[in-house]
Amino acid sequence: MQEVKAKAEERMKKSLGALGDDFNLLRTGRASAALFDKVRVEYYGTPTPLNQLANISIPEARLIVIQPFDRSSIGDIEKAILSSELGLNPSNDGKVIRISIPPLNEERRKELVKQAKSLSENARVSVRNIRRDTNDQIKNGDFTEDEQKKGADDVQKLTDKYVDKIGEALKAKEKEIMEV
């Protein structure tokens, strides 16, 4: 029984972690190196993560500086950023790429909050699916009726705990998005 519950908790932690990763990709008007986690640069014919080709630094709250390890790749990095759907305009001086993060308008902030709510709802659904799968495992397992009842109660408490954590993460992200 403990093993089944431990697996369920591990899966719920992964759902919460995935939500955190998704939240990092939402552009909030503040510079963040995590914006570029999914950006791949065509480097010698191989799609390579940007953070493996360059040093990404944040010298100011709204400025990102990307310094490639190999200067010949600067054009490819710029092209990858432009085609990444991040809506950023890099400027290249031959040595480094500078990206100024524009402040978000009210309409865009509301869109981002909607996206965050959608992502958090997907995480809640994932946690509830894990609860259902775990309850099925308990029902179909070799447990007594009392053990099944206690197991289902424990899984429900675990589910409530992770749904609450998802709610807290959403509140924090909404606050971050809406601050001017």
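A: The account below treats the sheet and its helix, then the hairpin, then the helix pair. The model is a predicted one.

The open sheet consists of 4 strands in the order β3-β4-β6-β5, with antiparallel pairing. Its edges are formed by β3 (54-60) and β5 (90-92), each of which pairs on one side only. Direction ignored, neighbouring strands of this sheet are turned by 25° against each other on average. Helix α2 (residues 74-82) packs on the sheet and touches β3, β4, β5 and β6 (97-100). The direction of α2 makes about 165° with that of β5. Within the sheet, β3 and strand β4 (residues 63-68) run antiparallel and are joined by 5 bridges. Asn55 has Gln67 in β4 as its bridge partner.

A further antiparallel pair is made by strand β1 (residues 40-43) and strand β2 (residues 46-49), which 4 bridges join. Here Val41 stands opposite Thr48 in β2. The hairpin of β1 and β2 has 2 residues between the strands, and Tyr44 takes a positive phi near 50°.

Turning to the helices, α1 (residues 2-24) packs with α4 (residues 145-178) at an angle of about 10°, their axes lying 11 Å apart. Angles under 35 degrees count as roughly parallel, and α1 and α4 are therefore roughly parallel to each other. On the α1 side, the contact includes Ala8, Met12, Leu16, Leu19 and Phe23; among the α4 residues that take part are Val155, Leu158, Tyr162, Ile166 and Leu170. By class, the contact of α1 with α4 has 11 nonpolar, 1 polar and 7 charged residues. Lys5 and Glu9 of α1 belong to this contact, as do Asp154 and Lys161 of α4.

Definitions and conventions: Residues numbered from 1 in each chain as written. Predicted model: local features only at pLDDT ≥ 70, side-chain atom pairs only at ≥ 80, totals over all residues. Heavy atoms only, no water. Pairing = 2+ DSSP bridges. Axes fitted to C-alpha atoms, helices over the stretch in contact; angles between N-to-C directions. Parallel < 35°, antiparallel > 145°, perpendicular 65-115°, else oblique. Contact = heavy atoms within 4.5 Å. Nonpolar A, V, L, I, M, F, W, Y, C, P; charged D, E, K, R; others polar.
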